[in-house]
Amino acid sequence: MADIALSSAVRSNLLALQNTSGFIDRTQGRLSTGLAVASPVDDAVKYFQGKSLSDRASDLMERKSAIDQGVNALNAALKATDAMEDLVKQIKGVVDSARSADKTQRKAYNKQIGELANQINKLVDDASYQGLNLLNSTASKLSVRFSEKTDSKLDVNGVNFNISKLFKNSLGTADLGVTAGTKLATVGAFTQAMTAYDNSKATILAKFNAAADAFVASMDKTIASIRAEAATMAGNVAILEVRSNFTEEYVGVLEGGAGQLTLADLNEEGANLLALQTRQQMGIQALSFAGQSEQAVLGLFR
């Protein structure tokens, strides 16, 4: 079939109508997606610049999730140190109570100290978060990365708070006298079990009190050790929270920059759509007029 011949007026109006339809499709696409630059075809430079910013924001949000999990791991350890301190204080209180207790009571206190030590050991073993326990070994380590840079990270080393390493003597060094599930025998100045002291005798009571004083001093050293490690962990929590807040704000800046490059102004696009639809209606009318003028010329031949 031969091509249909169109007059210059009709062809001009038809091309204008096709261009207007193309602009309407583009505007409707921007309104539906909210993007002025949705692909490299729209604007290659802005598209790839915006994508680079968006990709970095996405990567940093993954880092922020890891930072938040690091905060949770440290908070779990901190909660455990608080509980450990309470249990050590109970042991300290039991020994203080034994000063005025009879032999039967001291036998019960002796057993209670072993049970409290056993609970501390269990508490240390239970203080893990996602498989990481920062309280049962110096080999454990929490490593939190802040960005893709190799040195942008925070390493938090674990501490050994197992019974054999937790309790400190008056010199601040490890005291192996308290073990989980056993009775108090030789801890600090105690050279024998509490029930072996005959506190009805003044000289023996004086020895018991001296031993109790040394034991209480060793418990104070233990509490000081727990608090020192807890303070270090709390400082690291503060660092991670600062980095988490910074990362969140930084991601907002990156996403804002990407949006400035690629997002559409919906108010402007809405006004454009209304104008284009009006132009489309005018184009249809113009095309109709052009066709009518040709029909009028054809009528001259009738």
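Visitor: How do the residues of the lining of the largest pocket divide into nonpolar, polar and charged?

Guide: They divide into six nonpolar, four polar and two charged. Here Ala, Val, Leu, Ile, Met, Phe, Trp, Tyr, Cys and Pro count as nonpolar, Asp, Glu, Lys and Arg as charged, and the others, Gly among them, as polar. A word on the source: this is a predicted model, where local features need pLDDT of at least 70, side-chain atom pairs count only at pLDDT 80 or more, and totals for chains, interfaces and linings use all residues. Residues are numbered from 1 along each chain as its sequence is written, and side-chain values use heavy atoms, with hydrogens and water left out.

Visitor: Which residues lie nearest the centre of the largest pocket?

Guide: Leu35, Val37, Ser54, Ala258 and Thr262 do, out of twelve lining residues. H2 and H5 each supply at least two residues of that lining.

Visitor: How many helices and strands are there in the protein?

Guide: Helices (H or I, at least four residues) and strands (E, at least two) are DSSP runs, numbered from the N terminus. The protein has six helices and four strands, in the pattern α-α-α-β-β-β-β-α-α-α along the sequence.

Visitor: How are two packed helices described?

Guide: By the angle between their axes and the distance between the axes. Axes are lines fitted to C-alpha atoms, for helices over the stretch in contact, and angles run from 0 to 180 degrees between N-to-C directions. In this model, the axes of H2 (residues 44–98) and H3 (residues 103–126) come within 10 Å and cross at roughly 170°. That makes H2 roughly antiparallel to H3, a label for angles over 145 degrees. The contact of H2 with H3 has 16 nonpolar, four polar and one charged residues. Among the residues that meet are Leu87 and Ile91 in H2, and Leu116 and Ile120 in H3; contact means heavy atoms within 4.5 Å.

Visitor: Is Asn236 buried or exposed?

Guide: Buried means under 20% relative accessible area, exposed over 50%, with a 1.4 Å probe and protein chains only. Asn236, in helix H5 (residues 202–262), is buried because its relative accessible area is 12%. Leaving aside neighbours within four places in sequence, Asn236 is in contact with Leu74, Leu154 and Val156.

Visitor: Where is Gln130 found?

Guide: Look in the loop between strand E1 (128–129) and strand E2 (132–133). Gln130 is exposed, with a relative accessible area of 65%. Although not a glycine, Gln130 has a positive phi of about 50°.

Conventions
Parallel < 35°, antiparallel > 145°, perpendicular 65-115°, else oblique. 1 Å grid on protein atoms, 1.4 Å probe; cavity = no way out; pocket = protein on both sides within 12 Å on 5 of 7 lines; lining within 4 Å.
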